[in-house]
Amino acid sequence: MLDFLAATSGQAAPPGWVQFLPIIGMIAIFWFLLFRPQMKRHKEHQAKIASVKKNDKVVTAGGVIGKVTKVDDDYAEIEIAQGTRIKVVKNTIGDILPPGGKPAND
């Protein structure tokens, strides 16, 4: 019986790098499923923000909808009502609305 136990303990252990394969696999999964799509959305958002121009209808991150009246490098001035303008940071602009939305009470 002791000969059987001694025979099994004589096998060579796998190399040390083999133990890190599951961790490397999990990192690859996180990269392709979480980080990479998020970076792609961030780049698209930055490109959209850079293309904001006067008379665009925009929605801010706070949900304010208005028309852009002035654009600087870091700020945009938005008219939310006739004669009411606010200055917002360009990065807080969430989306640019397409022109010609659907009519109200439709």
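Strand 2 and strand 3 (residues 75-81) pair in the antiparallel sense over four bridges, where two strands count as paired if DSSP finds at least two bridges between them, and where helices (H or I, at least four residues) and strands (E, at least two) are DSSP runs numbered from the N terminus. This is a predicted model, in which local features need pLDDT of at least 70 and side-chain atom pairs count only at pLDDT 80 or more, whereas totals for chains, interfaces and linings use all residues. Residues are numbered from 1 along each chain as its sequence is written, and side-chain values use heavy atoms, with hydrogens and water left out.

Within the pairing of strand 2 and strand 3, Lys67 stands opposite Glu79 of strand 3, and the two strands form a hairpin that has three residues between them. The hairpin of strand 1 and strand 2 has four residues between the strands, and in it Gly63 takes a positive phi near 95 degrees.

These strands belong to an open sheet of five strands in the order 4-3-2-1-5, with antiparallel pairing. Strand 4 and strand 5 stand at the edges, each with a single partner strand, so one side of each is left without a neighbour in the sheet. From one strand to the next the twist averages 45 degrees, a value that rests on axes fitted as lines to C-alpha atoms (for helices over the stretch in contact), with angles running from 0 to 180 degrees between N-to-C directions.

How many salt bridges does a search of the whole structure find? With a salt bridge taken as a side-chain nitrogen of Lys or Arg within 4 Å of a carboxyl oxygen of Asp or Glu, the search finds three. In one of them, Asp95 meets Lys48, with the closest N and O atoms 2.9 Å apart. Asp95 lies in strand 5 (residues 93-97) and Lys48 in helix 2 (residues 21-50), so this pair ties together parts that are 47 residues apart in sequence. Asp95 is partly exposed at a relative accessible area of 32%, and Lys48 is partly exposed at 33%, given that buried means under 20% relative accessible area, exposed over 50%, and partly exposed in between (1.4 Å probe, protein chains only).

Another salt bridge joins Lys53 and Asp56, whose closest N and O atoms are 3.5 Å apart; Lys53 is exposed, with a relative accessible area of 52%, whereas Asp56 is buried, at 12%. Arg85 and Glu77 also meet in a salt bridge through their side chains (3.5 Å, N to O), and Glu77 counts as partly exposed at 23% relative accessibility.

Leaving aside residues up to four places away in sequence, Lys90 touches Ile49, Val71, Asp72, Asp73, Asp74, Tyr75 and Ala76, where contact means heavy atoms within 4.5 Å.
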